[in-house]
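Please read the following walk-through with the model open beside it, turning to each region as it is named.

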Amino acid sequence: MKYFLRRLSLVFFAWVFALIILFFLPRLMPVGPEALLADRFRLPEEAVLLMRKEFGLDLPITTQLLRFLQNVVFKFPPDFGYSYINYPVRVKDIILSHLPWTVYLMMSSLMVTFLLGSVTGIIAAWKRGTKLEGILSLLAIFCLSSPVFWLSYILIIVFAFVFRVFPPAGAYSVTITSTFSLQFIGSVLRHSVLPMLAIVLTQAPSYFLLVRDNMSLVFKEDYVITAMAKGVKERTIVFKHVARNALLPAVSLFGTQVGLMLGGQIMVEAVFSYPGVGKLIVDAILGLDYPVVIGFFYIIITLGIIMSIVTDFVYIIIDPRVRYG
Amino acid sequence: MMRKSVWIVVGLIVACLGLAAETSRPLVIGLTTTGPLLFVEGRLDKAAGPALMMSCITPLAHQRWATVDPDGNFVPLLAEAWTISQDGMKITVYIRKNARWSDGHPIVANDMLLTFEVLKKEPVLDDWGLLPYIENIIALDEKTFEVRLNRPFFPFIQYFFEYFPIPSHIYKTAENYLDPKTLEASETISSGPYKIVGFAKGTTTIRMVANEYYWGGPPPFPEVIIHLLSPDAFVPALMATGQYDIIEVSKPAQVAALLGLPNVLVRTYDTRGFWIWNMGVWTGILMNNAVFPLSEKQFRQAIAYAVDRGKILEIAAMGYGELSSMGFHPARSPHVAPDLPTYPYNPDKAKELIQGLGFTMGPDGIWRYPDSGKKLSLKVQARAGEETLVGSLVVEMLKAIGIDATLETLASPVYVSNFNVGNFELGVIKTGQPDIVDFLMMKFYWPTVVPLGETIHYRGWIRWADPHFGDLLEKYRAASDPEEAQKLSYEMQRIIAEDLPFIGLYYGKYIWAYNTATLANLEITARYDWPRLELVYGLRRP
């Protein structure tokens, strides 16, 4: 409990610190959003000044920071205000309209990534020195070193262009109305296969290599040798004694991957014209739409922090050394 | 039990995948676009977003008074007819009797009066600088209005017809119209063949259905779906699915794969319908004429000789385009002045010109400034995409003549801001460009040079001004005799080609892919036939 409370207070300060950095980062850009407002909306100077006032950009930076902390850190749900480039739509609404697609793609990819990476890692370690391990390792290194956009194009060319088994873009067929029907669900599933595959193929090797190497180390532990000497079944040794210990770092990786994947998915969403937050965030960064940028990274940071706490919890459950330490 | 559940889930997934098969569908258009989608129904003066949206989406729902066909002839749209007085000072516009908004309310003269009030209240919305010429706009009756000018301006109606009527029965006053808070409250209302029934900011699909009150009768497709695709989308795979009827191809490198597909026709166009004009896409180099050595004509000419424009066209646009004349028009344009200097690629000549300015060649092959002995360095700014590709080629070509050139790829707001305040040396720009003499001459010309550090919008970016050129421009705008106008245009082009305040590189082609299976009963053509849809998408009924 003490361990957990200590961790909780630490992550809270880390979270606030990260949000303060997030507040300052976009403001380091050489031009402010007023330049964008004036050019894109062809607004007269007076209108730009009014908008600056409405967005609070005319206030001293310290006041802006305090207001930000008040609205984002100490308020739930946080209030990021209006999107500059989609004014008068609120950031919350614009992010929420895109987020479900990204969360669906990310969570499903992450699950498959974890399972695939861990299971193949276990098999590779178990069959160490065989052809199977060699092939799996080679594939893992190939996928790990492939840029995700390149791999995405390869998948599109092979599965959408040559064999035409999966659609190359979008979240569902444009001619289907987005209602909760089997046809719509089927279309969503079909459209998510290739982007999901692109993410899984580039992320799973990290789990594979981690689990494989850890398994190899754990195989040499005394208790494993003892189990072997006692004549315990090989399958039981691998899955009950070795894998359970070797999976600990993979669980940590899973926690940190959530935030990273949300950011890393931007490229995949761009190539597959997927309507998640990817395009939204690219537009927001290019358009100096600070509130949307902050809203997006708030999610990444908060998710990262939550996953770090969850990982700690899982550690407590699966590793008694942490519980009693 | 566990195994059974897994099989049930798998079975359900397979069933769903099967059900996702296509049924009959409307016209589906894919547009590759960058930037956020900000499409404000019924409020087009405030609509902002990628030019593609303005040219390919808004014309379907919001119509103007008239348009121009590819031959340059006016085609009446919401206006049935118009008359221009002998002295060109009075234009009377007769609105179609059956022109209605999509809510059934008639389009009336007051709608244009409200547009004028809005422009007066916010002159910054006056894109084409017409306000200084307009004395007044009055309603003669419910369906007729008159525009009175205070001085002659002969290309006036070409611009004037671009200003949308605003539904006065909804907005009532200019203040109400301009209040940003009313943006979301406005109901979907259109004057064109389609009305928008499915769109929210930030989404990627726009659904339009036929406007039952449209004066021109039912459009050829009762429903149109526009899908906004990422610029990175692989168009050949999208066309191969058969889901799309038309897609604009933003990457010429994808054309080869498209050509191998059955039922796909690839067409290229020099221009794309954009408001009343046919819009080409011009790529050029803007130079900051206020900083040395770019302030020297001889140096700017050296850069023109150093740049192999043909090679840039071949590499950056894969040959899909044509070289720009140095007078700014596409080389094919009937408006190009004869005998303009062409500046063929000649690095030796470029070096000779630089040497003539007193620069000396350093031991490292880089020129040194005459007084300070500093290296001659130039920064080339560009945005991501084709501009950066062009920029990298320009940098290599400048290095080849001894200039220490570097490329800066910038986010669009930073890039624009640099131009605004003059914080740049060279900038690669790709921009929509109509082949209208008056507008071309105005494009990058501002009559006074705004000092570096002070903000000026795009017409003054190059910080170059010539009183004689300004005088010719004013005379051109007032010229009623076509021969005189042409003479003035030629003279202005010669000034630009001689003085080179900027360098035109090429006009790119627009590339469209058509699904010939689903569009089998339509003729795919570049000719004008049916208002807008044809002009924009090149379709017509045989």
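Thr113(A) touches Ser118(A), Val200(A), Gln203(A), Ala204(A) and Tyr207(A), leaving aside residues up to four places away in sequence, where contact means heavy atoms within 4.5 Å. This threonine sits in helix H5 (residues 91-126) of chain A; helices (H or I, at least four residues) and strands (E, at least two) are DSSP runs, numbered from the N terminus. Thr113(A) is buried, with a relative accessible area of 0%, on a scale where buried means under 20% relative accessible area, exposed over 50%, and partly exposed in between (1.4 Å probe, protein chains only). Phe142(A), by comparison, is 29 residues from Thr113(A) in sequence and 16 Å from it in space, C-alpha to C-alpha.

This is a predicted model, in which local features need pLDDT of at least 70 and side-chain atom pairs count only at pLDDT 80 or more, while totals for chains, interfaces and linings use all residues. Residues are numbered from 1 along each chain as its sequence is written, chains are lettered from A and ligands numbered from 1 in the order in which they are written, and side-chain values use heavy atoms, with hydrogens and water left out.

Chain A as a whole has 14 helices and zero strands. Buried residues make up 50% of its 325 residues, and among contacts in chain A between residues at least 6 apart in sequence, 76% join residues at least 24 apart. In helix H12 (residues 277-286) of chain A, the residues Val277(A), Gly278(A), Leu280(A), Ile281(A), Asp283(A) and Ala284(A) are buried. An α-helix has 3.6 residues a turn, so residues three or four places apart point the same way. Just after H12(A), Leu288(A) takes a positive phi of about 50 degrees.

Chain B brings in strands. Four of them form an open sheet in the order S4-S5-S7-S6 (chain B), with antiparallel pairing, two strands being counted as paired if DSSP finds at least two bridges between them. The edges are strand S4 (79-84) and strand S6 (134-141) of chain B, each of which pairs on one side only, and neighbouring strands of this sheet are turned by 20 degrees against each other on average, direction ignored. Five bridges join S4(B) to strand S5 (residues 90-95) of chain B, and Ala79(B) stands opposite Ile95(B) in S5(B). Helix H4 (residues 109-121) of chain B lies across S5, S6 and strand S7 (144-149) of chain B, running at about 160 degrees to S6(B); axes here are lines fitted to C-alpha atoms, for helices over the stretch in contact, and angles run from 0 to 180 degrees between N-to-C directions.

Elsewhere in chain B, strand S10 has six of its seven residues buried, so it is largely enclosed by the rest of the structure. Six bridges join S10(B) to strand S1 (residues 27-32) of chain B in a parallel arrangement, with Val28(B) opposite Ile225(B), whereas five bridges join S9(B) to S10(B), which run antiparallel.

What forms a salt bridge with Arg207(B)? The partner is Glu223(B), the closest N and O atoms being 2.7 Å apart, and a salt bridge is a side-chain nitrogen of Lys or Arg within 4 Å of a carboxyl oxygen of Asp or Glu. Because Glu223(B) lies in strand S10 (residues 223-229) and Arg207(B) in strand S9 (residues 205-210) of chain B, the pair ties together parts that are 16 residues apart in sequence. Glu223(B) itself is partly exposed, with a relative accessible area of 23%.

The side chains of Asp499(B) and Arg300(B) also meet in a salt bridge (3.6 Å, N to O). Asp499(B) lies in helix H17 (residues 482-499) and Arg300(B) in helix H10 (residues 297-306) of chain B, so this pair ties together parts that are 199 residues apart in sequence; Asp499(B) and Arg300(B) are both buried.

Asp466(B), in the loop between helix H15 (437-443) and helix H16 (467-478) of chain B, is buried yet has no salt bridge, and Arg300(B), the nearest side chain of opposite charge, is 8.9 Å away (Lys and Arg count as positive and Asp and Glu as negative; His and the chain ends are not counted). The side chain of Asp466(B) reaches the backbone nitrogen of His468(B) at 2.9 Å.

Technical notes: A polar contact is a pair of N or O atoms within 3.5 Å; within protein, one must be able to donate a hydrogen and the other to accept it, and residues adjacent in sequence count only if both atoms are side-chain atoms.
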